[in-house]
Amino acid sequence: MELQNPVKDALNALYHHPDDTVRMEADRFLQKFQKTLDAWQVADNLLHDSTSNLETLIFCSQTLRSKVQRDFEELPSEAFRPLRDSLNNLLREFHKGAPKVRTQISIAVAALAVHVPAEDWGDGGIVNWLRDEMNLHPEYIPGFLELLTVLPEEVFNYKIAARPERRRQFEKELTSQMVVALNILTACLNINELKEQVLEAFASWLRLKHGIPGSILASHPLVLTALSSLNSEFVSEAAVNVISELIHYTTSRESGGVQVQMPLIQVIVPQVMNLKAQLRDSSKDEEDVKAIARLFADMGDSYVDLIATGSDESKLIVQALLEVAAHPEYYIASMTFNFWHSLQVTLTRRDSYISLGNESSIEAEQNRRLHIFRPAYESLVSLVSFRIQYPRDYQDLSYEDLKEFKQTRYAVADVLIDAASVLGGDAALRILYMKLDEATACCQNEESEWRPAEAALFGIRAISSYVSVVEAEVMPKVMGRLLKLPQHPQLLQTVCLTIGAYSKWLDVASGGLSILPSVIDVLMNGLAKSEDSAAAAALAFRQICDDCRLKLCGCLEGLFHIYHRAVNGEGTLKVCAEDSLHLVEALSKVISELPPDQAKRALEALCFPVVSPLQEVLSQAPEMLNNRPARDFTIHIDRFGYIFRYVTHAEAVADAVQRLWPIFKAIFELRAWDMRTMESICRACKYAVRTSGRCMGTTIGEMLEKIQELFKQHHQPCFLYLSSEVIKIFGSDPSCADYLRKMIESLFQHTTRILTSIQEFTSRPDIADDCFLLASRCIRYCPHLFIPSAAFPALVDCSLIGITVQHREASNSILTFLSDIFDHANSTEGAIYSPIRDTVIIPRGPSMTRVLIAALTGAIPSSRLENVTYALLSLSRTYGAQSVEWARGSVSLIPLTAVTEVERARFLQALADAAAGVSVNSLSVPLEELSDVCRRNRTVMEIVQGALRPT
């Protein structure tokens, strides 16, 4: 064909031309070619062409595989057999050829079988056809084995553009042929060099989880071959895959579960347990040890409920898993971490014992099991805790290596938490304190070895939530130790974090008050040592002031001194602006415990060091102000936000806002064009409104007037966001109705004038998002102001334009707004607005339904299906049979080549069920299946979207 040579030339240019521009052009040509109808024949011809090089063969096999998966419907029905025969010939031709090419052809044949029902395939379906081909042509068995391997994998391959019903049917066809497939594989065991390939194929078929009884599998030649392969000198990866799949198979619901599969379990477990000694064999290859460890981990994960009973056999498995956890290589040891968590959950969760009936039996059995596994978890703490110790060369670690080390520490911390859940926090603390005690003996100054002490403290911090706040044996010793440790930066950072983690204990402990001054001294050292230790110390200050606030009310002067130094950047403190917010929050929480008069004065003192620099900045000439970076404002404004959020005296905050309003007003006016500054000040105002509520008096009115005025000029989305907070607080207040109504109409009027096309939604998604969030708030908090207003129909029209915007948050806000309209209609309060709402929704019902179905079937990403589905079902629930007719009219526009009558009927029935009052939660599957059908490939999706597009 005329395209064969251009394809070859493009491939040659793509892989060998020195010019990037030429390679990019070749790549574009090839991608465009793959989407054409000609690609079928060209790819097939080149694969059969003996002169094609490897690059051409790989490209054409990938193209043919992709075409079969995604575009099979392009072909006429009579093309199936020639295509099947051609692929079969290629499979034979490449049975000893390039593995990459053979794999792609195998996947193409398997994908073809997904599309074509067994009765149309002929020869009793693909498995029987494959058996006959292997009997007729034994020389091609290696190639056919690869097809037999990939065949069950394609059941779960959603790249194949098959309808959901056909996919389910294909799975049933394969499971019905399981015995035939296993017989083929058993026969192939006689060819010794194919044993690995046979076992890989067997593992693949096991993933179908077809319910073959354990008594049959326990003595099956394939299972026995896999088990015997475990004992060979070199562990077979394929055999490990088979045993791993068998372990998962025995616990799957489809196989009948543990009871049905017990004969198989009784064969597998002893064979795996026989491998335990190899975990410690230093002569064993590390990959073999990894494979064996994987089997123990799989066994633990799958049989955790059996293990949790505490039988003698389960203790042996747990002991083996402890040996895996003790392996020096982290990636091997960590395979067990999920098991320790699952076992902890099973042991501590009351649901595990519910079948025992009465409380005394439940408590007795739980205590028995916890007692059995205590030694294992005690050993686990010792086995894993060394892994959180900093390496000696930590300063030389690359960014990626340091990131990996930190992830390791977090993973080990989770294991320590699991151990604390089983042992109790106090018992786990005793084990970790012993390590701290040993470590501190050789940690006397900054030059001495600090890493073991830091690791022990990291573990102690990890379990802080599980240690009793009244623990009086070990915690006083821990605090005594850490307050005297040397001031190495990493160690000091962990000391500060540990202090913060045990802030509740400091509040309750009998000696807590007496050691608080020493604690604060250590935190001050942390603030001055390094940026990391300063961040940790600031966080610890916040935690201590939160939990010990009553104790600290008498220490305000000293706390203010620290606060001033941190906020003003004075002295040697190394607190960055972001971390200083922890100190703002800390002081705010202590102030909240003061009597109102004292709180008011303390709040003024808290605001003073924030006000002064802002006033200084605002005193500059306007042209200089415009050139100042947003950070010069937001650093200070964010501190106000924290003050307004965490000081809980409503009147004191309202007074502070009233005094500060001239400054805030000036910032609004001078920096209204600056999104970052406006977001910061709107956030601060939001918290002021939330805390002060109705105490704000006239200030709230002035704030809303300013927002309306500036929104007309600058269209900052955060103005809408602040307004939604005002609606939440004041929406139901009759005294605020007039200015809230004006605000709603003003903001929505200007927003709908902006968002007049999908292009505007795309270029201004933040405005769309915040606009419809505000609209939803209006429905919930002041429907009496919103629904009768002229803004309501305008916003509904606006929503229909923007539903299909690709921005996730904007689209979700629009869909939520529509759902809120429908849900409100079904509420008691919403009934009184039915006449108004119906005059808006019913005339727009057909177009609204059409755009929602367009969104469902491909206009927006499938990740948002949940919101679209809910909106459609809510519409049906509200407007009943009428809405079903709207939907019928829309889906009738879709050609039958894209959606069959059966698929339409199933979709419409789900909507009818919703209209009849069936719970929407049970009706999502038919809608999701219509979505899958219409998204199954690019061509179908274009047809569907073209049919649903408004004319």
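**Helix packing and surface features of the predicted model**

The crossing of helices α9 and α12 is left-handed in this structure, which is a predicted model. Helix α9 spans residues 141-153 and helix α12 spans residues 195-206, and the two pack with their axes 8 Å apart at an angle of about 20 degrees. Because angles under 35 degrees count as roughly parallel, α9 is described as roughly parallel to α12.

This helix pair belongs to a chain in which 51 helices and zero strands are assigned. The C-alpha atoms of the chain, taken along the principal axes, fill a box of roughly 95 × 80 × 70 Å, and 55% of the 951 residues count as buried.

On the surface, a nonpolar patch is formed by Val469, Val470 and Val508, which together present about 230 Å² of accessible area. Of these residues, Val508 is found in helix α28, which comprises residues 503-508. The relative accessible area of Val508 is 43%, and since partly exposed residues are those between the limits of 20% for buried and 50% for exposed, Val508 is classed as partly exposed.

A further position examined is Arg741, which lies in helix α41, a helix running over residues 737-754. Arg741 likewise counts as partly exposed, at a relative accessibility of 31%. Between Arg741 and His784 the separation in sequence is 43 residues, whereas the C-alpha to C-alpha distance in space is 9.5 Å.

Conventions:
Residues numbered from 1 in each chain as written. Predicted model: local features only at pLDDT ≥ 70, side-chain atom pairs only at ≥ 80, totals over all residues. Heavy atoms only, no water. Patch = residues over 30% accessible without salt bridge, like charges linked within 9 Å, V, L, I, M, F, W, Y side chains within 5 Å. Areas by Shrake-Rupley, 256 points an atom, 1.4 Å probe, with all protein chains shown as cover. Salt bridge = Lys/Arg side-chain N within 4 Å of Asp/Glu carboxyl O. Helix = DSSP H or I, 4+ residues; strand = E, 2+ residues; numbered from the N terminus. Buried < 20%, exposed > 50% of the residue type's maximum accessible area, 1.4 Å probe, protein only. Axes fitted to C-alpha atoms, helices over the stretch in contact; angles between N-to-C directions. Parallel < 35°, antiparallel > 145°, perpendicular 65-115°, else oblique. Left-handed = near helix turned anticlockwise from the far one by under 90°.
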